[in-house]
Amino acid sequence: MKKPLWKDETFLLLFLVLVQAFGLDDDNRPATEVCSTHTILPGPKGDQGEKGDQGEMGKHGKVGPTGSKGEKGAVGDIGDQGMMGKIGPIGKKGDKGVKGLSGISGGKGKAGAVCDCGKYRKVVGQLDINIARLKSSIQFVKNVLAGIRETEEKYYYIVQEEKSYKDAVIDCRIRDGILAMPKDEAANAVISDYVSKSGLFRVFIGLSDTEKEGQFMYADRSPLQDYSNWKEGEPQDPSGHEDCVEMLSTGKWNDTECHLTMFFVCEFPKKRK
Ligand SMILES: *[C@@H]1O[C@H](CO)[C@@H](O)[C@H](O)[C@H]1NC(C)=O
């Protein structure tokens with residue numbers, strides 16, 4: 001919209017009035033001359049004014065929005081050493097140290113009283129050996145009392161457990177022996193003496209005719225040969241049930257039933273030289 005012209009005209013009039021009043025026109029002409037022409041036209045454009053003095057500092061602006069987070073800074077330089085801290089509490093007791101090196105051996109001692117300790121040591125050693133031998137001997141005596149008997153070739157042992165003939169055979173085998181087989185008078189005598197001295201009346205011996213009636217065989221399957229020691233009237237087996245043999249305390253043999261249970265004698269061969 002166009003500004004109304006009167007405003008500019010009013011401004012110009014006011015301007016000229018002020019110029020005349022203070023006599024500040026460019027040509028420094030007297031106001032009367034200007035007024036005399038009655039000219040109310042605008043004058044020529046004045047020269048550019050001098051640069052003004054610097055203005056006063058402006059007021060603070062408004063607080064701006066928060067900026068975006070900056071990048072992580074570089075690792076800083078090592079700082080100077082700080083001041084010494086306070087003295088801490090007393091620490092715990094330390095671990096035991098490592099054993100030190102052994103010291104230098106001492107000087108030679110004075111001559112002692114005469115003591116042949118080596119001799120005593122020898123005696124103690126000999127005593128140990130003797131004790132071991134005694135133990136072995138005691139064991140032997142115990143065996144004799146318990147009832148081990150022997151001939152030149154064999155040991156005999158009465159097992160004081162009541163078993164059937166079959167179980168007696170197995171038991172002797174487990175003991176690494178065999179049910180006793182008196183194959184001569186001497187062996188029979190040793191066994192019978194053993195039985196009677198043990199207060200027994202009868203024991204199984206390793207002799208039977210289970211395989212063939214009437215043909216007695218030893219436990220090692222060898223047949224009866226020259227020697228036998230049957231009780232008078234034996235073997236007598238009318239029923240055919242007495243296939244096993246017991247030795248009576250007299251040393252005599254009697255055929256009896258295999259399922260009966262009684263003590264029995266095992267024999268063990270002595271080691272061949
Ligand atoms: C011989 O054995 C038979 C059968 O077991 C028995 O009846 C008899 O009494 C025994 N003889 C002796 C003298 O023990």
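Which side chain makes a polar contact of 2.8 Å with the side chain of Glu246? It is the side chain of Arg202. The close-up views below come from a predicted model.

**View 1. Glu246 and its polar partners.** Glu246 sits in strand E6, which spans residues 244-248. Its relative accessibility is 1%, so Glu246 counts as buried. The side chain of Glu246 reaches the side chain of Arg202 in a polar contact of 2.8 Å. A polar contact of 2.8 Å also joins the side chains of Glu246 and Asn254.

**View 2. The surroundings of Glu246.** Neighbours within four places in sequence are left aside here. Glu246 is then in contact with Arg202, Val203, Phe204 and Ile205, among others. Its contacts also include Lys252, Trp253, Asn254, Thr256 and Met262. Two of these residues, Arg202 and Asn254, are the polar partners shown in View 1.

**View 3. The disulfide of Cys172 and Cys266.** The whole structure holds two disulfides. One of them is formed by Cys172 and Cys266, with sulfur atoms 1.9 Å apart. The torsion about this S-S bond is about -85°, so the disulfide is left-handed. Cys172 lies in helix H4 (residues 165-174) and Cys266 in strand E8 (residues 262-269), so the bond ties together parts that are 94 residues apart in sequence. Cys172 has a relative accessible area of 0% and is buried. Cys266 is buried too, at 0% relative accessibility.

**View 4. The disulfide of Cys244 and Cys258.** Here the S to S distance is 1.9 Å. The angle about the S-S bond is 95°, and the link of Cys244 and Cys258 is right-handed. Cys244 belongs to strand E6, while Cys258 is in the loop between strand E7 (253-256) and E8. The two cysteines are 14 residues apart, and the pair links distant parts of the chain. Cys244 is buried, with 1% relative accessibility. Strand E6 is also the place of Glu246.

**View 5. The disulfide pattern.** How do the bonded cysteines pair when counted along the chain, and what is the pattern? The disulfides follow the pattern 1-4, 2-3. Cys172 pairs with Cys266, and Cys244 pairs with Cys258.

**View 6. A nonpolar patch on the surface.** Val123, Leu127 and Ile131 form this patch. Together they have about 250 Å² of accessible area. Val123 is placed in helix H3, which covers residues 117-146. Its relative accessible area is 43%, so Val123 is partly exposed. By contrast, Glu246 in View 1 is buried, at 1% relative accessibility.

Definitions and conventions:
Residues numbered from 1 in each chain as written. Predicted model: local features only at pLDDT ≥ 70, side-chain atom pairs only at ≥ 80, totals over all residues. Heavy atoms only, no water. Patch = residues over 30% accessible without salt bridge, like charges linked within 9 Å, V, L, I, M, F, W, Y side chains within 5 Å. Areas by Shrake-Rupley, 256 points an atom, 1.4 Å probe, with all protein chains shown as cover. Salt bridge = Lys/Arg side-chain N within 4 Å of Asp/Glu carboxyl O. Helix = DSSP H or I, 4+ residues; strand = E, 2+ residues; numbered from the N terminus. Buried < 20%, exposed > 50% of the residue type's maximum accessible area, 1.4 Å probe, protein only. Polar contact = N/O pair within 3.5 Å; in protein donor to acceptor, adjacent residues only side chain to side chain. Contact = heavy atoms within 4.5 Å. Disulfide = S-S within 2.5 Å.
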